[in-house]
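Me: Got a structure open here and a few things I'd like to ask about. Can we go through it together?

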There are 2 protein chains.
Amino acid sequence: MVPPVRRSPSRDDVSERSLHGGDLSVLRRLNSAATLRELRDGGESTLSGLARRVGLSRPTTEGVLGDLIGRGLVAEVAPRPGSGLGRPARRYRFRAEAGHALGVEIDAHHVRLLVTDLSGEAVGGHRASLDTHARPDARISAVRAAVKACLAEAGIDRRSLRAVAAGTPGVVGPDGTVTRCAAVPGWEGVALGRELGRSFACPVLVENDANLAALAERWRGAARAADDVVCVHAGLHTGAGALIGGRLHRGRWGAAGEIGMLPELGLRDTTVVLISGAGPGPGAAGAELAGLASAGPALEDAARVLAAAGRRDPDALRAVDRLAARMSRGVAAMALALDPEMIVVGGPLVGAGAPLVESLRRHVLPLCLSPVRIEASRLGDEAIGLGAVRLALDRIDEDLFRVDRAPAATDPPAATEPAGR
Amino acid sequence: MVPPVRRSPSRDDVSERSLHGGDLSVLRRLNSAATLRELRDGGESTLSGLARRVGLSRPTTEGVLGDLIGRGLVAEVAPRPGSGLGRPARRYRFRAEAGHALGVEIDAHHVRLLVTDLSGEAVGGHRASLDTHARPDARISAVRAAVKACLAEAGIDRRSLRAVAAGTPGVVGPDGTVTRCAAVPGWEGVALGRELGRSFACPVLVENDANLAALAERWRGAARAADDVVCVHAGLHTGAGALIGGRLHRGRWGAAGEIGMLPELGLRDTTVVLISGAGPGPGAAGAELAGLASAGPALEDAARVLAAAGRRDPDALRAVDRLAARMSRGVAAMALALDPEMIVVGGPLVGAGAPLVESLRRHVLPLCLSPVRIEASRLGDEAIGLGAVRLALDRIDEDLFRVDRAPAATDPPAATEPAGR
């Protein structure tokens, strides 16, 4: 009468199911992926050093390297001068320049772009202002122009892009459509993934901006060692993204982290609260606030208050503390729902420095059950672009390292390269 | 200057890293695990049928079956009468009776136990009342006595247990200690995993009750087809558990889902609200409420209100609706934080049937961004014990199907069994 056991998916399942047949071509792909990864992450190597590091025989490693060179992913480099007799051993390296990833941040006021090679090393970037009230098609045209300028400045062929990821405020559905968006006028309902996809031959991904900030914090920010992380992106409104088990948690409809929808949790109109609470702060904003200030009057005023708080102006500190007290319910709700090991607070309202995060610690921790760490982001306004690049690189890695089928057809044709460049 | 790329963990990583060496003993374990799984999930089979289903050669399958029979996990069964000439083919089956899983639910008022075989088929169960104000050592002694009675009634040798899991209200730390618990007097700080571990030679796991309810709903309840699920366990207080990607999300300190800590979200003292809102309901509770009613005066009164609401008594329906309106903030907060595909509402306050869930749908959905399904649990007061068994079975599966090392030392010695029993 009792139905049969339903198995929970497990990692073992995957390997077992894809491999139990002892399929030799799968083994070959495993060997190839392991060798490529070792060269990418462990640095260049001789044939025998690589064989030892990967745990394969010399002949197998030689065959694998031949394949990888043929796919343009590995190159021979000039041998180091030998210390003894005979020819020095040949050396091999990962060709990070075999492809590129493009990250795009689109919000109401700006488009920011970042291009990296396959190692995640930045090779270009570009920024442009957007008209807040531009219609969606004009906004997308401006993004296309910015992409063109970015690639031209960096001297990168568009065909070299292996994946593109774009970040936007709002809820992004699984198909890349912006299903909800209060922050960008007219943006709701735009099929952003499809629209941008027309400009590229490679996969194009679209993701919520706070989610991308979370990826960036884990990659190169405050959350490098953490698997379960909530990232709070404090801006005109305040959104949140979460990493669970080291992976982005998007939710069924891409709407995870939108806890700010409950008004009693204090995450809506955060900037307005800051301004109305404190009145205009004194003097001009600091240089680090230039980006924030250019984003519109509300953020400009908020920037003044934050700058004053950074200078320990008592009125401004009180205003920031009032904002933190209000936001604390929403931040605590995310912490109680997910019990993360770390909360990283970023976004325009944190750009100015410590006061907001110090106040948040004071207000949020008493509401929590666990001693969660609350840290300020140090990625500034690069977080979302960086997260977009990480998402694109993850997509590229899926193709480079997958072992359950042959290499992707998007691999470029065999490249030849003189050794020792 | 840019640090090297940090790889996100991926499933491919695991298979690739554990297997790239082409380790033959790993292949053998993969073959063994795949064969065992096929027999367990696909039913008994002849040698050649099994070889075909798993994709191995006959000789390999024969060798694997020999190993599995030696480990007591597979048995030969009587051949079916042949339709043609010659001897009918031998048949093999998974020995579900090769071990057992025990699930234990402990709360302020009861201990409930469920024992299954390795297929998750129930083979025993037991219930006992607990003194609400018993000290922790007396409570644990009563649990031990209940385990003893349960095993004796089912005729199961304690040594046959391969894993035990216990559920309790409160926050359970990674080491099995109850770190927070308002519902069971004196329970906070009890090292429940260690205490119960003394009674068993197998692994003993401890988990929050709402988390176990979530596992149960996915295994045999309303959430069978869902990967991202929030389970709301409505009782004296209301807790929540979440499955993300089909796996239980416990959080860094085991406190995920404790969103009820924020009083403005309306999940605390839910029973009290129901009673004070409605006044004592009319007449005696229905038979289905007996378990609820025996749990204490507060739940007893709540049971009366719920029974009356089930009979469509207008006052009681209004009281239930007021409770749903209050709880809706907390339920919506979980939905907004995680964007699950489904919310399952269970626990004593749902035992009576539809009214609470109907009201919750009306109040929660307008607060959400996504068309999340809200369903009533149909597992009644078995949910937590069932979830505990699922957790124990998952632990057993880890040993049975893991491929990255030799079979666990806990495997029983080779068992012999006459064919065709």
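Predicted model: local features only at pLDDT ≥ 70, side-chain atom pairs only at ≥ 80, totals over all residues.

Me: Which residues have the most contacts inside the largest nonpolar core?

Reply: Those are L356(A) and L356(B), in a core of 93 residues.

Me: What does L356(A) touch?

Reply: Leaving out residues up to four places away in sequence, L356(A) contacts A234(A), V320(A), L323(A), A324(A), M327(A), L349(A) and V350(A). There's also a second, separate core, with 53 residues, including L65(B) and A392(B).

Me: New topic: which residues of helix 3 in chain B are buried?

Reply: In that helix, residues 47-54, the buried ones are L47(B), G49(B), L50(B), A51(B) and V54(B). Just after the helix comes G55(B), with a positive phi of about 85 degrees.

Me: And which residue other than glycine has a positive phi near 65 degrees?

Reply: That's R312(B). You'll find R312(B) in the chain B loop between helix 10 (297-310) and helix 11 (314-338). For context, most residues other than glycine have a negative phi.

Me: What about D339(B), buried or exposed?

Reply: D339(B) is at 2% relative accessibility, so it counts as buried. D339(B) sits in the loop between helix 11 and strand 14 (342-346) of chain B, and its phi is positive too, near 50 degrees.

Key: Residues numbered from 1 in each chain as written. Chains lettered and ligands numbered in written order. Heavy atoms only, no water. Buried < 20%, exposed > 50% of the residue type's maximum accessible area, 1.4 Å probe, protein only. Helix = DSSP H or I, 4+ residues; strand = E, 2+ residues; numbered from the N terminus. Core = buried A, V, L, I, M, F, W, Y, C linked by side-chain atoms within 4.5 Å. Contact = heavy atoms within 4.5 Å.
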